[in-house]
Amino acid sequence: MTAEISRRSTLKFAGVAAGAAGLGIGTVPAATPAAAAGGFAHPGLLHTGADLRRMAAKVKAGAQPYTAGFARLTANRHAQSGWKANPQETVVRGGTGQNYVILYNDIHAAYQNGLRHHITGEAAHADTAVAILNDWSARLTSLAGNADRFLAAGLYGYQIANAAELVRDHPDFALDRFQEMLSEVFAPISDDFLVRHNGAVITNYWPNWDLANMACVLAAGIFCDDKAQVARAVDYFKNGEGLGAVEKAVPVVHDDGLAEWLEAGRDQGHALLGVGLMGTFCEMAWNQGIDLYGYDDNRFLKGAQYVAKWCMGGQVAYTENTRAKGAINGWSGRETASRAAGVDPNMTRPIWAMIANHYTRRRGLDASYVTRIAAKSSPEGGGGDYGPNSGGFDQLGFGTLAFSRDRTTTAPGSKTASPSASAQGGRAGRGEDLAATGTSDFPAWTAAGGVAALAGGLLLLRRRFHSGGGAAD
């Protein structure tokens, strides 16, 4: 089943991989040996090596708002080195036998321990993250459930890849086996959703469904150094048929610089989820030298500004739209959204610091509503800080700690500047940082855990071949 889905997806997007260079993939000079060898910079999902060094230095210096963000991390029960994983062979989301709560709690524990290690250098946290991730890659073989299994693949696929990226060069991390799990369990289901949408008409699923699975495909592609997979994800952002493509998620742009977020016609929680997922997608792409934040005249910024203003109680326009629902050649219906739904000014998610800091600090652009709501939400926490249900774990969080940054030298008002021009953007920017500091992107496992790091990362040769691949749809 896995191979069949992968072949179908490859055929669906024929020619995209060949155009990878046109998407900016592989066109920025590599900054690390890992990037030169595999085509992608590592670490290079939500956090680069320069980002991790910045966090550690700022916390050590007692600088705000980093210390406030770090305090939220250390107070979270998932960030403790005593966390023990509970891996499952099959994870079910939707229908009977649901157990996906176990997976997302373990993922957030791995991520938070990995992040805490990079900031403090404490080996126990790195060891805990590695143990959680190794336990899951040794056991997990499939995702199951009703249509919600696609949410599980998308959300937990991108998140577990980010957790692993923080410890990918740890000598005890089973890198090959983890890449195999991403490639055989998570990514094929997300890839298939973007091609077939669970057998439904293309508009049946709201933007956040596409965006979660786009994030999984992109994160897995970067983690596994798969250029074709990354190219498919980037192409979908620009040209996808589903509602997660940027021009469909943000369909109407107004003269005042705000752009309607389609899911504001549904409810506030899902609009926040969508903005967070699109920001996550753009950040991961940016860290590989691909500027989607600025795509189509900063269309995402305009949509994020709209949602930020609306969530703070401001009045926003909404254009009536009707979407088709149902299965292809089966049940069908239509649903009309005519206005942005009501809001709770106290509802928030840890999504705003990343977006605000990109546009105002990296790019020098005005993002007044996003900046205000980021300040209101500061310091951002993470999984476990926003309620016990799955919605409180949809973002990895801790943006105040992770994404606060000093202003860079990119010219104010620039709309299309490549991330390679930014001192804290893609790989070229990180190269400038490396030249200035004389350090590398590889974690100092020697200082942290007493084990010498290998410059190219240590690949463990022991493989475990999974059975069952992705869940049938």
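Q: How many of the 19 residues of helix 12 are buried?
A: This is a predicted model: local features need pLDDT of at least 70, side-chain atom pairs count only at pLDDT 80 or more, and totals for chains, interfaces and linings use all residues. Residues are numbered from 1 along each chain as its sequence is written, and side-chain values use heavy atoms, leaving out hydrogens and water. Buried means under 20% relative accessible area, exposed over 50%, partly exposed in between (1.4 Å probe, protein chains only). Helix 12 is largely enclosed by the rest of the structure, because its buried residues number 18.

Q: What distance does helix 12 reach from its first C-alpha to its last?
A: Helices (H or I, at least four residues) and strands (E, at least two) are DSSP runs, numbered from the N terminus. The expected span is 1.5 Å times one less than the number of residues. Helix 12 covers residues 268–286, and its reach is close to that expectation, at 27 Å.

Q: Is Gly157 buried or exposed?
A: Gly157 sits in helix 7 (residues 148–165). Contact means heavy atoms within 4.5 Å, and beyond four places in sequence Gly157 contacts Ala152, Leu182, Phe186 and Cys216. Its relative accessible area is 0%, so Gly157 is buried.

Q: Which residue has its backbone nitrogen 3.0 Å from a polar side-chain atom of Gln305?
A: Gln305 lies in helix 13 (residues 295–311). Its relative accessible area is 7%, so Gln305 is buried. Beyond four places in sequence, Gln305 touches Leu258, Asp366, Ala367, Ser368, Tyr369 and Val370. The nitrogen belongs to Tyr369.

Q: What is the volume of the largest cavity?
A: On a 1 Å grid over the protein atoms alone, a cavity is a set of points where a 1.4 Å probe fits but cannot get out, and a pocket is an open set with protein on both sides within 12 Å along at least five of seven lines; lining residues have an atom within 4 Å of a point. Grid points are joined across faces, edges and corners, and a volume is the space filled by probe spheres set on the points. Helix 12 and helix 16 (399–403) each supply at least two lining residues of the largest cavity. Its volume is about 120 Å³.

Q: Which helix supplies the largest share of the lining of the largest pocket?
A: The largest pocket has a volume of about 340 Å³. Among its 18 lining residues, Pro65, Asn357, Arg361, Ser404 and Arg405 lie nearest the centre. Helix 14 (352–362) and helix 15 (368–377) each give two or more residues to this lining. The largest share, 5 residues, comes from helix 14.

How values were computed:
Polar contact = N/O pair within 3.5 Å; in protein donor to acceptor, adjacent residues only side chain to side chain.
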